[in-house]
Protein chains: 2
Amino acid sequence: MRYCPKCGHQVEMAIPQGDNRTRAVCPNCAHIDYDNPRLITGTIPLYQGKILLCRRNIEPQFGFWTLPAGFMENQETTSEGALRETLEESGSVAKCQQAFSMISIPRINQVHLFYIAELEKDDFHPTEESSEVALFDLKDIPWEELAFSSVTKTLECFIEDHKKGQYGFHEDVILFNSVPD
Amino acid sequence: MRYCPKCGHQVEMAIPQGDNRTRAVCPNCAHIDYDNPRLITGTIPLYQGKILLCRRNIEPQFGFWTLPAGFMENQETTSEGALRETLEESGSVAKCQQAFSMISIPRINQVHLFYIAELEKDDFHPTEESSEVALFDLKDIPWEELAFSSVTKTLECFIEDHKKGQYGFHEDVILFNSVPD
């Protein structure tokens, strides 16, 4: 970040008055350009006890399986973002039942939030972002081909809770992984 | 947002290829400047059954009472952000017990997340951001002088759960209010 988005002047890295962190500050117009973590919202889409997964048709992790999820957008709620991503990536219309997992990944300044959601009907299809969309029995989750560690953690928690017959809210942190987040 | 933060060139509002939303796109260097919702993290700080509130020494809502909370920063987890804000606004060291409320406010592109937290000791003080910091019995919450509707909703949920003797995870949306968020 080298230029002021308000006036185009080159910014300086400085601690603004009353602050305690270095920010991109514009010496021309005094604009402070804050950079904050982003929310990724997604779902665990269920249909008759099976979980819908999407095979990624884009990088990162092209070809690996994921739960539908993506950056939350302005002007929407967390659950609206999760359902929009589900529709965009899998072509399916779902309904959120409960927030299920919230995973902070401070290394990349992200928070991943997944909802348990129910598909209204057995209707989904490949999309620009997903080369394949399919329902998996819980015993057939392709663990070795999952795209992101937040997806693995979320599915592990889901299966544990499923065995208990009660779904909670799970918080976790990912610091370092062998696979992408 | 009128200039590219990467190269300083004036941006254009356009829908990038493969996207479906208008973004600030740089015609010079092709940088896309995404703008996404921000997370506000805070706590319900408890000490011997009382709740710690801070009287705001800054705008907006100068002079009103709030739970300690603020923008989550890069390189931290949601609970680290909540505890940092608690320390900055009230001078108190707390420990998160559970995520308690998550409130989307799409009108201002924010998500407010509050944790139930326990103060380690009866040690807090006014700060730059808080002219007064005090413990309140649940029956003495200054409802008419609360700063933000997300704080009011969170405290209402907390008191309901307290009566039940069991604390859940609460999700809500604020669309329009008479008071600031």
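Reader: Where is A:Pro60 found?
Author: Helices (H or I, at least four residues) and strands (E, at least two) are DSSP runs, numbered from the N terminus. On that numbering, A:Pro60 belongs to the loop between strand 5 (50-56) and strand 6 (65-66) of chain A.

Reader: Before we go on, what kind of model is this?
Author: Residues are numbered from 1 along each chain as its sequence is written, chains are lettered from A and ligands numbered from 1 in the order in which they are written, and side-chain values use heavy atoms, leaving out hydrogens and water. Local features need pLDDT of at least 70, side-chain atom pairs count only at pLDDT 80 or more, and totals for chains, interfaces and linings use all residues, since this is a predicted model.

Reader: What is omega for the peptide bond from A:Glu59 to A:Pro60?
Author: Most peptide bonds are trans. In chain B, the bond from B:Glu59 to B:Pro60 is cis, with omega near -5°, and B:Pro60 sits in the loop between strand 5 (50-56) and strand 6 (65-66) of chain B. The bond from A:Glu59 to A:Pro60 is cis, with omega near -5°.

Reader: Is A:Asn109 buried or exposed?
Author: This residue lies in the loop between strand 8 (94-105) and strand 9 (110-119) of chain A, and its phi is near 55°, a positive value in a residue other than glycine. Buried means under 20% relative accessible area, exposed over 50% and partly exposed in between (1.4 Å probe, protein chains only). At 18%, A:Asn109 therefore counts as buried.

Reader: And what is phi of B:Ala30?
Author: B:Ala30 is in the loop between strand 2 (23-25) and strand 3 (32-33) of chain B. With a relative accessibility of 55%, B:Ala30 is exposed. Its phi is positive although it is not glycine, near 70°.

Reader: Which residue is the bridge partner of A:Glu12 in strand 2 of chain A?
Author: Three strands of chain A make an open antiparallel sheet in the order 1-2-3, and strand 1 (12-14) and strand 3 (32-33) are its edges, each pairing on one side only. Two strands pair if DSSP finds at least two bridges between them; strand 1 and strand 2 (residues 23-25) have three, in the antiparallel sense. In strand 2, the partner of A:Glu12 is A:Val25.

Reader: How much area do chain B and chain A bury between them?
Author: Contact means heavy atoms within 4.5 Å, and here it takes 42 residues from chain B and 42 residues from chain A. B:Pro5, B:Glu73 and B:Asn74 supply 16% of what chain B buries against chain A, more than any other three residues. Buried area is the accessible area (1.4 Å probe) that two parts lose on being put together, summed over both. Of the total, 47% is on carbon and sulfur atoms, and the total itself is about 3600 Å².

Reader: How many salt bridges are there between chain B and chain A?
Author: A salt bridge is a side-chain nitrogen of Lys or Arg within 4 Å of a carboxyl oxygen of Asp or Glu. A:Glu73 and B:Arg23 form one through their side chains, at 2.6 Å from N to O. Between chain B and chain A, the count is six.

Reader: Which residue's side chain makes a polar contact with the side chain of B:Thr43?
Author: B:Thr43 lies in strand 4 of chain B and is buried, with a relative accessible area of 0%. Beyond four places in sequence, its contacts include B:Leu67, B:Phe114 and B:Leu83, and the C-alpha atoms of B:Thr43 and B:Leu83 are 7.1 Å apart. A polar contact is a pair of N or O atoms within 3.5 Å; within protein, one must be able to donate a hydrogen and the other to accept it, and residues adjacent in sequence count only if both atoms are side-chain atoms. At 2.8 Å, the side-chain partner of B:Thr43 is B:Thr86.

Reader: Which backbone oxygen does the side chain of A:Thr154 reach?
Author: A:Thr154 is in helix 2 (residues 149-164) of chain A and is buried, at 1% relative accessible area. Outside four places in sequence, the residues it touches include A:Ile44, A:Phe100 and A:Phe114. At 2.8 Å, its side chain reaches the backbone oxygen of A:Ser150.

Reader: Then which cysteine sulfur is nearest to A:Cys157?
Author: A:Cys157 is partly exposed, with a relative accessible area of 22%. It is in no disulfide, and the nearest cysteine sulfur, 18 Å away, is that of A:Cys96.

Terms used: A disulfide is a pair of cysteine sulfur atoms within 2.5 Å.
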